[in-house]
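Hi,

Here is the structure I said I would pass on. Have a look at it first, and then read my notes below.

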Amino acid sequence: MAKAKYTTHHGMVDILPDETPTWRALENIIHEEAAKFNFEEIRTPIMEQTELIKRGIGQLTDIVTKEIFAFTKGDSNYVLRPELTAPVVRSYVENHLDQRGGSQKLYYIGPMFRAERPQKGRQRQFQQFGVEIIGSDNPVADVECIAFMMRIYQRIGIKNFTLKLNSVGDPESREAYKTVLREYLQPNFDKLSELSQKRLETNPMRILDSKEKEDQEFIKNAPVIGDYLNDESKTHFELVCEMLQSLDIEYTLDPLLVRGMDYYTRTAFELTSPDLGSQDALAGGGRYDLLVEEIGGKPTPAVGFAAGMERLFIACEELNISLADPKKVDVFIVSLGDKARKWALKTLPKLRESGISATMDYLDRSMRAQMKDANRENASFTIIVGDNELEEGTFTLRNMKESDESKLSLDEIIKTLSN
Ligand code: HAM
């Protein structure tokens, strides 16, 4: 095959007709389960102000320092959204969603953009679904959020995963921990990666999320935040753990889990799967009690998660799970001659109005070629029509699977197929 002259950008893929049914099946599951949990869908623009993303996610995070697609047009700075937590919070504040009352239970499905080095399970445009519960600091919100996430994988049949759980503490606990962490890392300042050296003063917890080789030894033996939680953070975390247990949701405590964004406070979690290879995170999330205020709203606690949809499909493939039925159409009209083609064109809307999916040949091909097409399209029935059938007013209805045929009027055909 000749090489195409134009291609997608590296790390951005087309979702082709053979694949869209699988995407739709997953989207339907997410919408159905979200409705059961009483989550409401929110859709925000693909582009946001660069400042929002920098401020929301954190100036020294990998996402902001290395991975955002940003450009300027006129006086405005645009960024392709790398995630949806900061944008959803922006929308919550901008549109005064707090005035709707209660906590806002929002969910979303959509594309995100990160200029990462593409590999299996890592793209530059990828799709997430996720949830943000804004307005409650009750551990019930954390647990409902995790329960929704687990429910999606459970319904699909993906069971081979680990839910990693940690608390990254509230501001007071974090200050105490940061001091200890700095003291621990400072003597080895020269051996840390350049980025971690930069982070040591401003944001040492970020170092725990470093992927740089030279940092790993120090990360492994670092003091853990769990030892520095104040009573409030500790109690909150214990309640989250207790409630998860009461729902039989298994988890593993991971004291070094800090996640890739600066907005997290208290609960942090990640769902990883051995079926994914090196990019093993199916989903991740946590609490971000300070973000609403950071973005200009009133102090409002919140918790959420997001899941990578491509990674979910990789897990499905490994487990031989198929979400979509094979493509099919109820009727393919095989028409021979001009008059028959005209009849077919006029018959299609009548079939469709009766709820029957229907198509016909667009290429004026032979009967044989049309029957082949009908098979390729996986048609359940064909209606065969030529001059004789038009004269008689009865048409051949062929059941493709059973290979039996009957001669019927159009009304009878519609009646038969509607049943
Ligand atoms: P995140 O961990 O950056 O969190 O992303 C969530 C999930 O998106 C990951 O676990 C992974 O499955 C998928 N993902 C991330 N980057 C890529 C990529 N380059 N290619 C393919 N899949 C990817 C967030 O985005 C937070 N906003 C989650 C959150 C919501 N926290 C609170 N609320």
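**What covers helix H11**

The buried residues of H11 are covered by, among other parts, helix H1 (20-36), strand E5 (104-113), strand E6 (125-134), helix H5 (139-156), strand E10 (281-287) and strand E11 (302-308). Covering here goes by contacts, meaning heavy atoms within 4.5 Å. Helices (H or I, at least four residues) and strands (E, at least two) are DSSP runs, numbered from the N terminus.

Before going on, keep in mind that this is a predicted model: local features need pLDDT of at least 70, side-chain atom pairs count only at pLDDT 80 or more, and totals for chains, interfaces and linings use all residues. Residues are numbered from 1 along each chain as its sequence is written, and side-chain values use heavy atoms, with hydrogens and water left out.

Back to H11, which runs over residues 309-318: 8 of its 10 residues are buried, so the rest of the structure largely encloses it. Buried means under 20% relative accessible area, exposed over 50%, and partly exposed in between (1.4 Å probe, protein chains only). The buried ones are Met309, Glu310, Arg311, Leu312, Phe313, Ile314, Ala315 and Cys316. After H11 comes Asn320, with a positive phi near 55 degrees.

Most residues other than glycine have a negative phi. Arg266 is not a glycine either, yet its phi is positive at about 55 degrees. You'll find Arg266 in strand E9 (residues 265-272), and with 9% relative accessibility it counts as buried. Asp364 also has a positive phi, near 50 degrees; look for Asp364 in the loop between strand E13 (358-360) and helix H13 (367-376).

Now zoom out. The protein chain has 15 helices and 16 strands in total, and 50% of its 419 residues count as buried. Its radius of gyration is 28 Å, while a compact globule of 419 residues would be near 22 Å. That radius is taken over C-alpha atoms, and the globule rule is 2.2 Å times the number of residues to the power 0.38. The C-alpha trace spans about 95 × 50 × 45 Å along its principal axes.

How is the chain divided up? The domain assignment gives domain 1 (20-170 + 230-318) and domain 2 (329-418), with bounds that come from an automatic or database assignment. The C-alpha centres of domain 1 and domain 2 are 49 Å apart.

Cheers
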